[in-house]
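Dear colleague,

I am handing over the structure below, and I would ask you to look through it before reading on. My notes on what was found follow directly after it.

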Amino acid sequence: MANIRILETGIDVSDILAQLKQYPEDWFNQRKIENTGSLLDRGYADIPVGNLQLVVGAVTKAEDFVGDSELCVPTDAFKRHTAVLHKLVQLGFRDISRCGFLSLEVGGFVGQHIDEGTYYLTRDRYHLSIQGSYDYTVGGETVRIEPGMLIWFNNKLMHGTQNVGDCTRITFVFDVKNPELVALQKEKMYNKSLGEVK
């Protein structure tokens with residue numbers, strides 16, 4: 001598949017799940033994060049309350065769009081949820097941008113959407129599945145995701161998910177800068193500036 005890739009399976013996520021159970025209040029402390037609002041506040045009404053962001057996007061002015069901002073701010077929960085961060089280092093990820101846990105109730109779904117804004121143009125997006133089974137669809141391709149799976153997907157295409165398991169789905173979503181995408185964006189900006197000079 002071109003739009004979703006399973007990178008690894010059978011990853012032990014028990015320590016991550018244990019830490020989530022140790023700090024259940026973190027799921028509900030983030031209804032409003034300064035200068036960003038919650039996913040529900042930004043129009044994603046099909047995502048239930050219960051997302052636990054570790055690093056969020058931020059803006060300097062209220063009228064700015066967080067998707068066009070490079071600012072990334074750790075939340076208070078970042079200091080408590082170290083197990084997932086250590087796991088990512090073990091898996092070879094060292095420079096994480098925005099990240100957090102997303103929950104989805106049994107039978108729940110997230111409608112097809114594209115992650116919009118210039119922030120996403122230079123980053124790859126990954127999921128590390130923590131609990132539950134879900135179907136993930138990207139660009140018309142669907143994969144069944146199980147706990148302990150690490151996937152990459154093209155979030156510049158339409159994507160969405162449905163919880164097909166018998167418990168709340170929890171996945172850890174994280175962004176990583178892609179040097180090839182960074183170079184491509186620099187080249188586009190350079191070519192645009194040359195066109196403006198002519």
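To begin with the cysteines, the count of disulfides, meaning pairs of cysteine sulfur atoms within 2.5 Å, comes to zero. The reason is distance, because the sulfur of cysteine 72 has its closest cysteine sulfur in cysteine 99, 8.9 Å away, which is too far for a bond. Cysteine 72 is partly exposed, with a relative accessible area of 30%, whereas cysteine 99 is buried, at 3% relative accessibility; here buried means under 20% relative accessible area, exposed over 50%, and partly exposed in between, for a 1.4 Å probe and protein chains only.

Please keep in mind that this is a predicted model, in which local features need pLDDT of at least 70 and side-chain atom pairs count only at pLDDT 80 or more, while totals for chains, interfaces and linings use all residues. Residues are numbered from 1 along each chain as its sequence is written, and side-chain values use heavy atoms, with hydrogens and water left out.

The predictor's confidence in each residue, pLDDT, runs from 0 to 100; its mean over the protein chain is 85, and 79% of the residues reach 70 or more. Over residues 31-49 pLDDT stays under 50, and for this stretch the model has 35 contacts beyond four places in sequence, a contact being heavy atoms within 4.5 Å. Where pLDDT is low, the predicted coordinates should not be read in detail.

Leucine 54 touches, among others, Cys99, Phe101 and Phe172, not counting residues up to four places away in sequence.

Finally, four strands form an open antiparallel sheet in the order S5-S10-S7-S8, two strands being paired if DSSP finds at least two bridges between them. Strand S5 (109-113) and strand S8 (141-145) stand at the edges with a single partner strand each, so one side of each is left without a neighbour in the sheet. Strand S7 (residues 134-138) is joined to S8 by five bridges, and tyrosine 134 stands opposite isoleucine 145 in S8.

With kind regards

Terms used: Helices (H or I, at least four residues) and strands (E, at least two) are DSSP runs, numbered from the N terminus.
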